[in-house]
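Welcome! Here is a friendly walk through a protein model, for anyone meeting it for the first time.

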Amino acid sequence: MAVTAVIGSQWGDEAKGKIVDLLSENAQLVARFNGGDNAGHTVVNQYGTIKVRLTPNGFSNPSSKCVIGPGVVVNLKTLIEELQTIQELGINLDQRLWVSPRCHLVMPYHPVLEEIFEDIKGKSKTGTTKRGMGPVYADKVSYNGIRLADLADEKVFFEKLRIQLKIKNNIISSFGYETLEFDNIYDEKLSQYKVIEPYVLESFGLIQELIANDGNILLEGAQGTLLDNNWGTYPFCTASTTFVGGAAEGLGIAPRQLDKVIAVAKAYTTRVGAGPMPTELFDDVGKTLLNEGDEFGTVTGRARRCGWFDADLVRFTSQLNGATEIALTKLDVLDTLPDVKICIGYHSVKEDDRIWHYWEGDAIWLGKCEPVYISMPGWMQSTLDVKKFSELPDQAKDYINKIEELIQIPIKTISVGPDRSETIFKD
């Protein structure tokens with residue numbers, strides 16, 4: 001395995017959790033390098049169905065260490081709840097979980113500020129989860145953040161919190177919201193810190209030692225590449241770097257140290273929240289994808305918008321991430337469809353009838369584009385019990401091969417169900 005990164009190649013919710021859980025069996029270390037508790041991963045293995053937001057999916061492997069890197073913003077309440085859930089399953093995380101003291105904290109005022117921003121935007125709102133991601137990352141880059149390391153010194157934390165509440169409460173009160181009490185937050189955060197203090201350890205030395213000794217490291221990306229705040233559909237995106245380049249600054253692994261990048265893509269497309277999605281379906285096919293795929297958010301429970309597979313988007317994100325292979329998930333969701341379609345680009349409102357690409361415009365432009373499709377026959381039979389690529393229906397194999405041809409990256413893993421065993425290895 002060496003150093004392998006698992007990245008979402010669409011708008012998130014690609015079933016990265018299953019792929020990471022599957023690969024974690026051979027990993028010495030599994031690490032998160034970006035995002036926060038605004039998105040969740042679902043794991044289905046011998047311990048049951050487990051939903052986590054912050055804890056790396058290597059927790060099921062007793063010989064694997066789990067690292068939350070400095071690029072992750074941490075909601076202490078969420079992390080403590082996850083640790084309790086995992087430990088109640090009989091999984092011991094002592095001396096296995098490392099949380100960087102450089103991690104910035106999601107403070108109680110961050111979700112409040114995000115709610116204010118969304119309310120002010122009205123019809124132009126970006127459809128955030130209101131977990132405080134934008135404000136916490138804004139504090140981070142404007143030198144107003146509070147980090148885990150600050151809680152280790154009560155005097156430092158006291159002064160930083162005093163300053164931030166003075167700033168934040170002025171903003172909050174000016175919009176008619178109830179201000180926050182210093183003592184409540186101060187006591188709560190120090191109490192929470194005491195719970196996770198044994199896990200607050202910087203992992204840089206551990207990671208570099210493993211790399212020097214050819215150890216197996218698995219990197220788990222949060223969200224999807226198209227939510228990146230540089231390359232995604234800005235402003236309908238997240239606050240962090242969501243493609244593999246974020247592993248360098250978010251964990252301390254140099255780009256040249258990456259050996260493999262697995263881009264995870266659903267066999268169709270989904271998106272949560274506002275923003276352009278050219279292949280979105282509003283008909284019975286869209287309802288079938290929603291219901292058969294159980295497309296409801298792990299964190300919010302919101303119904304996901306569903307549509308046909310967009311090969312133009314996945315080719316772009318595969319190039320951006322330097323993907324070495326594709327893991328195609330949820331193929332079984334298409335089992336009952338008589339026809340399937342693949343988007344190969346867009347007709348733009350700009351000028352001519354040529355096929356345009358995602359990277360040639362912004363979110364407003366993309367929202368006005370019309371998808372250009374190729375249509376293929378469906379296979380109309382279950383793929384749930386299939387274990388080998390050769391045993392798939394011919395139409396399903398044709399569909400996979402066409403996607404592979406369009407995105408020009410080999411598809412090596414195909415998921416036909418949430419369980420580890422419901423996986424086909426194409427090679």
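## Starting at a helix

At the start of helix 11, the backbone nitrogen of D312 has a side-chain oxygen of D310 within 3.2 Å. Keep in mind as you look that this is a predicted model. Helix 11 covers residues 311-321, and eight of its 11 residues are buried, so the rest of the structure largely encloses it. The buried residues are A311, D312, L313, V314, F316, T317, S318 and N321. Just after helix 11 comes G322, which takes a positive phi of about 65°.

## On to strand 14

Strand 14, residues 325-329, is mostly covered, with five of its five residues buried. Which residues of strand 14 point one way, and which the other way? E325, A327 and T329 point one way, while I326 and L328 point the other way, and all are buried.

| Partner of strand 14 | Residues | Sense | Bridges |
|---|---|---|---|
| Strand 10 | 260-266 | parallel | five |
| Strand 18 | 411-415 | parallel | three |

T329 in strand 14 is the bridge partner of K266. On the side of strand 18, A327 has T413 as its bridge partner.

## The nonpolar cores

Now turn to the largest nonpolar core, which has 39 residues; I68, V74, L148, L161 and I196 touch the most other members. Several elements give two or more residues to this core, including strand 4 (48-52), strand 5 (65-68), helix 2 (76-88), helix 3 (109-121) and helix 6 (154-174). Which helix gives the most to this core? Helix 7 does, with six residues.

Not counting residues up to four places away in sequence, I68 touches R32, L54, P56, V74, L79, L97, W98, V99, S100 and C103. Apart from this core lies another, of 36 residues, and among them are L289, L290, L331 and I409.

## A stop in a loop

Where does T241 lie? T241 is in the loop between strand 9 (217-220) and helix 9 (246-251). Leaving aside neighbours within four places in sequence, T241 is in contact with N34, D228, G246 and E249. As for Q223, this residue and T241 are 18 residues apart in sequence, and their C-alpha atoms are 9.4 Å apart in space.

## The whole chain

Finally, zoom out to see everything together. The secondary structure of the protein chain comes to 13 helices and 19 strands. The radius of gyration is 22 Å, close to the 22 Å that the globule rule gives for 427 residues, so the chain is as compact as a globular protein of that length. The C-alpha trace spans about 65 × 50 × 35 Å along its principal axes.

How many of the 427 residues count as buried, as a percentage? The figure is 55%. The accessible surface of the protein chain comes to about 17,900 Å², and carbon and sulfur atoms make up 50% of that surface. Contacts within the chain can also be sorted by sequence separation. Of the contacts with a separation of 6 or more, 75% are between residues 24 or more positions apart.

Definitions and conventions:
Residues are numbered from 1 along each chain as its sequence is written. This is a predicted model: local features need pLDDT of at least 70, side-chain atom pairs count only at pLDDT 80 or more; totals for chains, interfaces and linings use all residues. Side-chain values use heavy atoms; hydrogens and water are left out. Buried means under 20% relative accessible area, exposed over 50%, partly exposed in between (1.4 Å probe, protein chains only). Helices (H or I, at least four residues) and strands (E, at least two) are DSSP runs, numbered from the N terminus. A polar contact is a pair of N or O atoms within 3.5 Å; within protein, one must be able to donate a hydrogen and the other to accept it, and residues adjacent in sequence count only if both atoms are side-chain atoms. A nonpolar core is a set of buried Ala, Val, Leu, Ile, Met, Phe, Trp, Tyr and Cys residues joined through side-chain atoms within 4.5 Å. Contact means heavy atoms within 4.5 Å. The radius of gyration is taken over C-alpha atoms; the globule rule is 2.2 Å times the number of residues to the power 0.38. Accessible areas come from the Shrake-Rupley method with a 1.4 Å probe; for residues, only the protein chains shown count as cover. Two strands pair if DSSP finds at least two bridges between them.
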